[in-house]
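Work through the exercises below with the sequence and the model open. Try each task before reading its solution.

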Amino acid sequence: MFWNKEIECIDEEKLREKQLERLKNTIKRAYEKVPYYRKKLNEAQVSPDDIKKLEDIRNIPFTSKADLREVYPFGMFASPLSEIVEIHMSSGTTGRPIVAGYTLLDIEIWGEVMARCLTMAGATKNDIVQVAYGYGLFTGGFGVHYGARKIGAMIVPASAGNTRRQIEIMRDFGTTILACTPSYALYMAEVAQEMGIEPTTLKLKAGCFGAEMWTEAMRTEIEKRFNLNAYNIYGLTEIIGPGVAHECSEKKGLHVFEDHFFVEVIDPDTGDPVYDGQRGELVLTTLTREGMPMLRFRTRDITSIIRDKCACGRTFARIERIRGRTDDMIKVRGVMIFPYQIEKAILEVQGVEPHYQIIITRPQHLDEIEVMVEMSKETFSDEVKHIENLRRKLEKRIEDITGIRVKVTLVEPKSLPRSEGKAKRIIDKRSLHD
Amino acid sequence: MDKVYIISVFAENKPGRLERITKVLAEANINILAFSITSTNGFGVIKFMVNKCQEAYKLLKEKGFTVSLNEAIGIEMKDQPGGLYEVVKILSSKGINIESASVYVAETRKKAYLIVEVEDTTKAMESLKEENLKFLKPEEIL
């Protein structure tokens with residue numbers, strides 16, 4: 001299903017023309033209205049008039065999270081504050097938070113791209129959309145809300161938390177589309193079962209899950225638990241919030257709404273572009289944002305671009321599901337590992353619920369990883385040797401996938417902290433100072 | 001011949017775990033007749049034989065423990081030297097392998113019971129039928 005078929009299936013040549021025109025305008029606007037950009041472009045000796053073709057974007061300096069923190073709060077705004085109608089903010093886990101400002105047009109565009117996402121998940125005006133992303137400074141709740149409103153669906157602005165009530169609402173209202181983080185969806189399935197409500201009996205037909213990394217195996221698990229179609233949604237506060245990219249029914253990568261966002265993938269070490277299909281750091285440029293144009297923002301998300309024609313008919317390029325973060329790659333004994341690899345291993349060793357935590361320590365001079373995995377009712381045996389076998393199997397599978405020997409500890413069900421937002425999977429206890 | 005039941009609970013090997021489990025049983029006024037703990041690599045399995053096994057099983061499950069209910073055979077033995085030997089001699093002669101075992105000493109101290117979990121309870125009981133053994137009946141563990 002398409003929300004805006006004319007644009008979503010636009011002829012590629014026309015798309016590139018549109019992108020170039022919009023890119024020129026964006027760079028010009030940023031240069032003229034944002035002193036911080038003007039300074040950066042001047043230092044790099046680039047003038048907005050130098051942009052003649054799309055490839056010329058490579059001459060524009062990158063924008064990093066650190067840049068955005070430096071100009072806290074409103075230094076990146078390209079519109080006077082009187083034109084800014086809404087503010088969102090990213091959770092500043094390290095240092096100052098990042099503030100995003102939206103004009104009325106920006107909010108309109110946000111609704112448009114989110115309407116496309118929800119339509120890709122099968123939403124129509126006849127649907128009941130339960131938004132279980134947090135409402136507030138976080139972009140998740142409001143972003144989905146604006147999209148669902150555009151479609152004319154019935155919105156249940158549940159926000160995150162109060163899980164039992166969420167489930168009662170789903171049952172009593174007959175919610176058909178759920179939007180939340182994938183780990184929260186799994187948690188909801190668990191709580192529903194505790195309440196004596198079998199999740200498959202709910203009327204859910206699809207879910208838009210994002211705002212954290214997850215895996216194909218987790219998708220299978222969520223789809224099975226709720227009997228729904230689970231789609232991957234991508235976005236970030238710095239660019240707009242949710243609605244930058246979303247999966248179509250093919251579920252083979254996320255279409256980036258290229259009429260609003262310009263997508264590049266670079267080598268995080270050199271900053272050079274990588275070939276299509278090759279993994280690297282995702283870099284995004286807004287093409288229509290008024291309030292806060294973003295030039296070549298380094299997302300720190302690892303992915304690759306897929307430019308092959310998609311069976312769904314959309315011409316927009318796709319990115320594969322986010323494979324990691326440049327900053328939460330864990331480097332252990334010199335080897336890069338990602339939490340998704342460990343998750344994959346746990347799910348492969350059948351029956352163990354995907355609740356785990358990775359603890360990294362350095363007791364002497366060598367890094368050690370301990371993976372705490374919750375025992376599941378399904379795999380419990382009254383024989384210690386069977387459980388010990390399961391534990392060894394987990395250790396072996398993790399080693400096969402990551403190349404690193406880890407210690408697996410089986411813990412009691414529900415003993416690991418649950419999250420209603422982003423799951424905290426890694427606890428790095430390494431102290432690098434003496 | 002009747003089967004008896006053993007409750008197995010998964011527990012991390014940490015202080016307070018056994019306390020949490022036994023508190024549940026104590027509060028429900030359930031009597032523990034025999035129990036054992038096996039542990040390795042930071043976790044263990046705690047096994048109980050209790051007077052109200054179905055009730056205990058349901059209760060522990062509701063409280064969120066990972067628990068299973070398994071069949072076992074209770075064989076009477078004399079509470080005197082050689083009592084255990086007499087019984088296991090018969091078991092081994094029938095090729096019955098003990099997966100796990102515990103002992104229940106009846107209050108009179110005249111006799112005790114060897115509680116064994118084996119691979120196939122029904123088959124094992126069948127092969128022991130002809131032997132001069134007395135088996136623990138569920139109604140005796142009240």
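## Exercises on a predicted model

The structure is a predicted model.

**Exercise 1.** Find the kind of peptide bond that joins A:Tyr72 and A:Pro73.

Solution. Step 1: read omega for the bond between A:Tyr72 and A:Pro73, which is about 0°. Step 2: name the bond; it is a cis peptide bond.

**Exercise 2.** Decide how helix α5 (residues 104-120) and helix α6 (residues 139-151) of chain A are oriented to each other, and describe their contact.

Solution. Step 1: take the geometry; the two axes come within 7 Å and cross at roughly 75°. Step 2: apply the cut-off, by which angles of 65 to 115 degrees count as roughly perpendicular. Therefore α5(A) is roughly perpendicular to α6(A). Step 3: list residues of the contact. Those from α5(A) include A:Trp110, A:Met114 and A:Leu118, and those from α6(A) include A:Val144, A:Tyr146 and A:Ile151. Step 4: sort the contact by class, which gives ten nonpolar, four polar and three charged residues.

**Exercise 3.** Locate A:Ala211 and A:Arg300, and decide whether each is buried or partly exposed.

Solution. Step 1: A:Ala211 lies in the loop between β6 (206-210) and α9 (216-226) of chain A. Its phi is near 75°, a positive value in a residue other than glycine. Step 2: a residue is buried if 20 or more other C-beta atoms lie within 10 Å of its own. A:Ala211 has 26 other C-beta atoms within 10 Å, so A:Ala211 is buried. Step 3: A:Arg300 belongs to strand β12 (residues 297-303) of chain A. A:Arg300 is not a glycine either, yet has a positive phi of about 70°. Step 4: A:Arg300 has 19 C-beta neighbours inside 10 Å, so A:Arg300 counts as partly exposed.

**Exercise 4.** Describe the largest nonpolar core and name the residues with the most contacts inside it.

Solution. Step 1: the largest nonpolar core has 96 residues. Step 2: A:Leu118, A:Ala179 and A:Val244 have the most contacts inside this core. Step 3: α5(A) supplies the largest share, eight residues. Step 4: look around A:Ala179. Beyond its neighbours within four places in sequence, A:Ala179 is in contact with residues including A:Val129, A:Val131, A:Val144 and A:Cys208. Step 5: a second, separate core has 58 residues, among them A:Ile346, A:Leu347, B:Leu33 and B:Leu114.

**Exercise 5.** Describe the side of chain B that touches chain A.

Solution. Step 1: 16 residues of chain B are in contact with 15 residues of chain A. Step 2: on chain B, the elements giving two or more residues are β1 (4-12), β2 (32-40), β3 (43-50) and β4 (67-78). Step 3: β1(B) gives the most, with four residues. Step 4: this side of chain B has four nonpolar, ten polar and two charged residues.

Note on methods. Residues numbered from 1 in each chain as written. Chains lettered and ligands numbered in written order. Predicted model: local features only at pLDDT ≥ 70, side-chain atom pairs only at ≥ 80, totals over all residues. Buried ≥ 20, exposed ≤ 12 C-beta atoms within 10 Å, placed from the backbone. Contact = placed C-beta atoms within 7 Å. Nonpolar A, V, L, I, M, F, W, Y, C, P; charged D, E, K, R; others polar. Axes fitted to C-alpha atoms, helices over the stretch in contact; angles between N-to-C directions. Parallel < 35°, antiparallel > 145°, perpendicular 65-115°, else oblique. Core = buried A, V, L, I, M, F, W, Y, C linked by C-beta atoms within 7 Å.
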